[in-house]
Amino acid sequence: MTDLERLWDDVPVGPAPTDRILRAARREQRAWRRPLLRSSGTVLALGALAAAFVAGTSVTGGPGGRGGTPGAGGGGGDVAEFSGALVAAGSCEALLEHYVAAGQELVGPWGWEQQWPVMARAGGAALRDLTLQRGGFAADQAKVTRATSSDTGTNVQEAGVDEPDLVKTDGEVLYRYADGRLTSYDVTGPEVERIGSVALAGTADAEILLAGDTVVVVGDDRVQTVDVSDPAAMEPRTRVDLTSPVVTARQHGDDLRLVISTGLPELDFVQPNRRRGVTTAEAQRRNRALVADTTIADWLPRASVDRGPEEQLSDCADVAIPSTTAPLGTTTVLGFGADDVAAWDVTAIAADASTTYSSTDHLYLATSSGWGWDGWGCATCTSRVVPTAGDGTTQVFDLELDGTGTRYAGAGRVDGAVRDRWAMDEVDGVLRLALSPTSETGRGNAVVTLRRDGDELLEVGRLDDIAPGEDITAVRWFDDLAVLVTFRQVDPLHTIDLSEPATPAMLGELKIPGFSSYLHPLGERRLLGVGEGPVPARGGRTSWGAQAGLFDVTDLTDVRRLDTVDYAPGSRAGVASDPRQLAWLPGIRTVVTVVAHGRTGHVSVLRLADGRMSNELVLAERGSDVDAVRLVPLAGDRVVLVTEDDASYLDVRPPSGPRDRATD
Amino acid sequence: MDETEFAAYADEAWPTLVRAAVFLGCTLPDAEDAAQATLVKCFRSWTKVTGADNREAYVYRMLVNTVRDSHRRPWRRERSSADVPEHDRQRSHDPHVAVEVTDAVHRALSGLSKVNRDVVVLRYFVQLTEAQTAAALDVAPGTVKSRLSRALAQLATDHHLADLTGRTSS
């Protein structure tokens with residue numbers, strides 16, 4: 001970062017050409033004052049914009065509805081009963097008391113402590129002393145199984161649990177959301193045909209879920225349902241505005257759940273100021289007083305349906321307070337059926353636990369040990385040790401799914417950090433976690449298995465000391481197996497046997513330069529890793545860029561890399577930061593994934609045959625948001641390439657005859 | 001209308017506007033054009049936007065939109081700053097240094113998504129408050145916080161990799 005800060009100062013900026021600006025502005029103003037008819041559009045637009053601006057800036061953080069009773073708009077479901085690690089608040093007073101007490105301990109002379117995430121930097125030589133336990137387990141018990149996209153075309157973490165995306169399909173109609181507009185396409189014919197489109201007032205930054213005849217648009221702080229029973233005439237239905245951001249969403253059939261994270265309130269903190277006689281102690285005292293003066297509205301999220309009155313999402317009494325220390329904040333799970341958003345079910349926990357993993361029948365919320373690591377996680381974060389605002393442990397809350405609501409099932413605590421949702425997985429009631437080291441643990445990573453006993457998640461098995469000093473960059477879970485990639489300078493890919501939860505065991509490891517940020521299982525024998533590594537550059541030198549690797553995992557104790565595809569120096573694989581930029585077409589043994597270079601995005605068509613991969617690059621996007629490119633697989637081995645402006649079929653047929661390449 | 005007040009503001013805001021435009025992806029000449037166009041636009045609505053908080057958010061919102069529009073289509077002659085002929089522009093800097101610096105910046109930030117980059121530029125480098133950044137980008141304040149940490153984490157990653165791989169980390 002300091003390099004960037006230096007570059008900021010180094011930008012050669014001359015003096016402001018103020019005269020020139022004034023001259024140009026005066027000239028414009030004169031043109032502007034001429035016939036009102038021609039320029040009135042501009043005048044009105046500017047007025048409206050400025051007015052909206054003045055009004056808009058007062059919306060943040062103002063005290064909303066006081067008191068704790070939610071209005072008629074929300075609720076209706078059963079209240080989750082808490083016990084043990086989580087206790088229901090019982091009253092607004094008790095809940096506020098919790099927030100204030102915890103907040104006062106957290107606030108310092110400058111406001112909330114540790115405002116910026118602490119970035120630990122790499123240093124020192126790489127010393128790896130991997131202690132491998134080669135288990136005597138029959139490797140055929142642990143198996144890699146293929147991963148395919150969800151029914152709506154999104155490359156999801158868990159089969160049967162859908163996630164929001166920019167593009168959704170039911171196989172016949174494809175829906176694309178971009179820049180505040182939902183567009184539908186017919187994908188049954190020989191060409192992708194646009195059907196209809198509807199503009200939705202709202203933030204451009206949103207994604208969609210598809211449930212039957214409803215598209216649910218989920219924005220950072222807003223939910224909008226759209227009736228798409230007629231794709232030519234899509235109708236917006238209900239809109240819900242929230243005062244806290246939606247961190248993530250999950251879909252099980254027609255039930256949708258949003259995880260909403262309410263952070264620490266922005267208060268008017270004072271700072272020590274020697275000139276004004278404000279000492280550090282005095283500043284802290286004043287800031288603590290500010291925290292004491294907060295009301296419940298500062299800590300709990302509120303919602304308004306169809307621009308109606310704002311109501312608190314949860315009844316104070318039902319918010320669960322952790323019995324032991326947990327990062328301060330509020331995490332709310334809002335569940336609803338796509339056809340009736342306003343009749344939602346709420347479960348709220350007075351802790352910042354927004355790292356979310358959902359299996360087909362449970363939702364797990366984990367606290368982030370590091371300040372600033374949010375629910376989305378960062379797949380390639382590389383601090384040696386995850387910085388902790390707390391005690392270097394992670395609390396996991398287990399919520400059982402019940403219709404559109406959730407039922408509290410239990411909680412547990414482990415030493416170490418859960419980096420992001422990929423580090424969690426549940427199979428047959430066993431929760432598996434890939435843990436990164438914290439200030440409270442040793443230097444190695446760990447895989448831990450937990451089982452619920454009553455309302456406690458108890459550790460049943462553990463494998464420690466995995467790649468000490470290295471960062472977990474990718475994890476893939478299977479029924480009986482975990483594949484873990486760690487990185488320091490070389491990429492050990494570890495396979496871990498989980499067939500016996502009480503004794504996870506290391507099966508094997510593979511060392512290759514570079515690292516995979518994303519692992520995609522192609523079947524029992526093949527695994528694709530996409531990430532970065534050394535790539536050949538001009539003049540016989542070696543540079544660094546995006547890379548794809550094909551691994552043979554037939555023998556899990558001896559994983560071998562069969563082939564690599566190197567992309568241009570300076571390129572990056574889109575799937576490394578967003579798994580939705582990859583699709584696997586098993587019928588034609590082809591992977592399509594986005595590779596970006598600067599502001600140009602290509603689709604890399606990787607064809608697998610006989611243990612080798614061939615690559616063909618198709619230009620996809622130039623200049624606009626390469627991150628928004630999506631590849632949606634459809635029946636019949638077809639793929640739709642969706643960019644910010646367009647949706648069309650991508651020709652992925654293998655070249656026939658002598659080198660018959662598709663044109664760029 | 002008080003031109004002196006506006007002129008003083010333009011003088012003071014200019015360097016940060018240009019730097020912000022560079023960090024948002026412009027070359028130096030384009031950044032200067034964008035900063036100029038932004039200030040001209042602000043002049044028009046100067047009397048409407050009074051409070052300091054509003055002004056910063058408004059000005060940077062104009063800048064972000066100007067930069068974004070310029071990337072979508074070729075720079076149009078209608079923009080007031082383009083009325084100034086090329087030779088009038090005082091080059092108080094060495095064009096080669098400018099290109100080196102801006103290239104390095106763009107390379108360093110190329111790993112970020114558009115929104116994340118917008119947030120880190122406004123919140124971290126320009127040092128707008130969370131509320132101002134949220135207003136400028138038309139997102140919720142909570143979004144600013146989460147996107148900022150994401151962006152900073154990604155930048156730390158890239159820097160870290162540069163350290164490890166010996167890539168020029170400038």
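User: In this predicted model, which residue in E26(A) stands opposite Asp453(A)?

Analyst: The model is a predicted one. Strand E25 (residues 445–453) and strand E26 (residues 456–466) of chain A run antiparallel and are joined by eight bridges. Asp453(A) belongs to this pairing, and the residue opposite Asp453(A) in E26(A) is Glu456(A).

User: Which residue takes a positive phi in the hairpin of E25(A) and E26(A)?

Analyst: Two residues lie between the strands of this hairpin. One residue there has a phi near 70°, and that residue is Gly454(A).

User: How many strands does the secondary structure of chain A have?

Analyst: Chain A has 664 residues, of which 56% count as buried. Its secondary structure includes five helices. The number of strands is 42.

User: In what order do the six strands of the open sheet in chain A stand?

Analyst: The pairing in this sheet of chain A is antiparallel. Strand E8 (206–211) and strand E15 (311–312) each have a single partner strand, so one side of each is left without a neighbour in the sheet. Between E9 (residues 214–219) and E10 (residues 222–227) of chain A there are five bridges. The order is E8-E9-E10-E11-E14-E15.

User: Which residue in E10(A) is the bridge partner of Val218(A)?

Analyst: Strands E9 and E10 of chain A run antiparallel. The partner of Val218(A) in E10(A) is Val223(A).

User: Is Thr331(A) buried or exposed?

Analyst: Thr331(A) is part of strand E17 (residues 330–337) of chain A. Beyond four places in sequence, Thr331(A) touches residues including Val259(A), Ile260(A), Thr347(A) and Leu365(A). The relative accessibility of Thr331(A) is 0%, and the cut-off for burial is under 20%. Thr331(A) is therefore buried.

User: Which residue has the backbone oxygen that the side chain of Thr331(A) reaches?

Analyst: Among the residues that Thr331(A) touches are Ala348(A), Ile349(A), Ala351(A) and Asp352(A). The side chain of Thr331(A) comes to 2.6 Å from a backbone oxygen, which belongs to Ala351(A).

User: Why does the salt bridge of Arg421(A) and Glu163(A) tie together parts that are apart in sequence, and how many residues apart are they?

Analyst: The side chains of Arg421(A) and Glu163(A) meet at 3.1 Å, N to O. Arg421(A) lies in the loop between strand E22 (405–415) and E23 of chain A, whereas Glu163(A) lies in the loop between strand E3 (111–112) and strand E4 (167–169) of chain A. Both residues are buried. Because the two ends sit in these two loops, the pair ties together parts whose separation in sequence is 258 residues.

User: Which residue forms a salt bridge with Asp563(A)?

Analyst: The closest N and O atoms of this pair are 3.4 Å apart, and the partner is Arg612(A). Asp563(A) lies in strand E34 (residues 560–569) of chain A and the partner in strand E39 (residues 612–622) of chain A, so the pair ties together parts that are 49 residues apart in sequence. Asp563(A) is buried, with a relative accessible area of 10%. The residue asked for is Arg612(A).

User: Is Arg572(A) buried or exposed?

Analyst: Arg572(A) forms a salt bridge with Asp627(A), with 3.8 Å between the closest N and O atoms. Arg572(A) is in strand E35 (residues 572–573) of chain A. Asp627(A) counts as partly exposed at 22% relative accessibility. Arg572(A) has a relative accessible area of 18% and is buried.

User: What is the relative accessible area of Asp428(A)?

Analyst: Asp428(A) lies in the loop between strand E23 (424–427) and strand E24 (430–435) of chain A. Its phi is near 50°, a positive value in a residue other than glycine. Asp428(A) is exposed, and its relative accessible area is 72%.

User: How far apart in space are Arg150(B) and Asn116(B), C-alpha to C-alpha?

Analyst: Arg150(B) is placed in helix H7 (residues 141–165) of chain B. Arg150(B) counts as buried at 16% relative accessibility. In sequence, Arg150(B) and Asn116(B) are 34 residues apart, while in space the distance is 7.4 Å.

Key:
Residues are numbered from 1 along each chain as its sequence is written. Chains are lettered from A and ligands numbered from 1 in the order in which they are written. This is a predicted model: local features need pLDDT of at least 70, side-chain atom pairs count only at pLDDT 80 or more; totals for chains, interfaces and linings use all residues. Side-chain values use heavy atoms; hydrogens and water are left out. Two strands pair if DSSP finds at least two bridges between them. Helices (H or I, at least four residues) and strands (E, at least two) are DSSP runs, numbered from the N terminus. Buried means under 20% relative accessible area, exposed over 50%, partly exposed in between (1.4 Å probe, protein chains only). A polar contact is a pair of N or O atoms within 3.5 Å; within protein, one must be able to donate a hydrogen and the other to accept it, and residues adjacent in sequence count only if both atoms are side-chain atoms. Contact means heavy atoms within 4.5 Å. A salt bridge is a side-chain nitrogen of Lys or Arg within 4 Å of a carboxyl oxygen of Asp or Glu.
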